[in-house]
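Please read the numbered points beside the sequence and the 3D view.

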Amino acid sequence: MNFHNALDIAEIVRQLLEEGWEIDPEDLAHISPYLTEHINRFGEYSTHELGIQPEAYDPTLDVDFAPLREQDLTAAGLDHAA
């Protein structure tokens, strides 16, 4: 289910980009598709969908995460050459 949530989030971000919204990578960094509460350790499984072929996954997300990487380097003190 977590991967499905990640796919849903990516699709919504793509739709917002197509509508002209500006996506701040800092905002996306705070979104997590992973459950943190009420985790069912053994999962819930449905076998009726086993034969369904999923659509091809498109990993492309046109958001520039470079500013976040630069912040991480600065925070770690790695933004200056030795």
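1. Among contacts in the protein chain between residues at least 6 apart in sequence, what percentage join residues at least 24 apart? The share is 82%. It should be kept in mind throughout that the model is predicted.

2. Overall architecture. The secondary structure of the protein chain consists of three helices and zero strands. Followed along the sequence, the order of these elements is α-α-α.

3. Burial and surface. The protein chain has 82 residues, and buried residues account for 11% of them. The accessible surface of the chain amounts to about 7,600 Å². Carbon and sulfur atoms contribute 55% of that surface.

4. The salt bridge. How many salt bridges does a search of the whole structure find? The search returns one. The partners are E11 and R14, whose closest N and O atoms are 3.9 Å apart; the cut-off for such a pair is 4 Å. Both residues belong to helix α1, which covers residues 2-18. E11 and R14 are three residues apart, or about one turn of that helix.

5. Exposure of E11. Is E11 buried, partly exposed or exposed? The relative accessibility of E11 is 37%. Buried requires a value under 20% and exposed a value over 50%, so E11, at 37%, is classed as partly exposed.

6. A29 is located in helix α2, which covers residues 25-29. The relative accessible area of A29 is 47%, and the residue is therefore classed as partly exposed. Along the chain, A29 and F65 are 36 residues apart. In the model, 9.1 Å separates the C-alpha atoms of A29 and F65.

7. The largest pocket. The volume of the largest pocket is about 440 Å³. Its lining comprises 13 residues. Which of these lie nearest the centre of the pocket? They are F3, H4, L7, P54 and E55.

8. By residue class, the lining of the largest pocket holds six nonpolar, two polar and five charged residues.

Note on methods:
Residues are numbered from 1 along each chain as its sequence is written. This is a predicted model: local features need pLDDT of at least 70, side-chain atom pairs count only at pLDDT 80 or more; totals for chains, interfaces and linings use all residues. Side-chain values use heavy atoms; hydrogens and water are left out. On a 1 Å grid over the protein atoms alone, a cavity is a set of points where a 1.4 Å probe fits but cannot get out, and a pocket is an open set with protein on both sides within 12 Å along at least five of seven lines; lining residues have an atom within 4 Å of a point. Grid points are joined across faces, edges and corners, and a volume is the space filled by probe spheres set on the points. Ala, Val, Leu, Ile, Met, Phe, Trp, Tyr, Cys and Pro count as nonpolar, Asp, Glu, Lys and Arg as charged, and the others, Gly among them, as polar. A salt bridge is a side-chain nitrogen of Lys or Arg within 4 Å of a carboxyl oxygen of Asp or Glu. Helices (H or I, at least four residues) and strands (E, at least two) are DSSP runs, numbered from the N terminus. Buried means under 20% relative accessible area, exposed over 50%, partly exposed in between (1.4 Å probe, protein chains only). Contact means heavy atoms within 4.5 Å. Accessible areas come from the Shrake-Rupley method with a 1.4 Å probe; for residues, only the protein chains shown count as cover.
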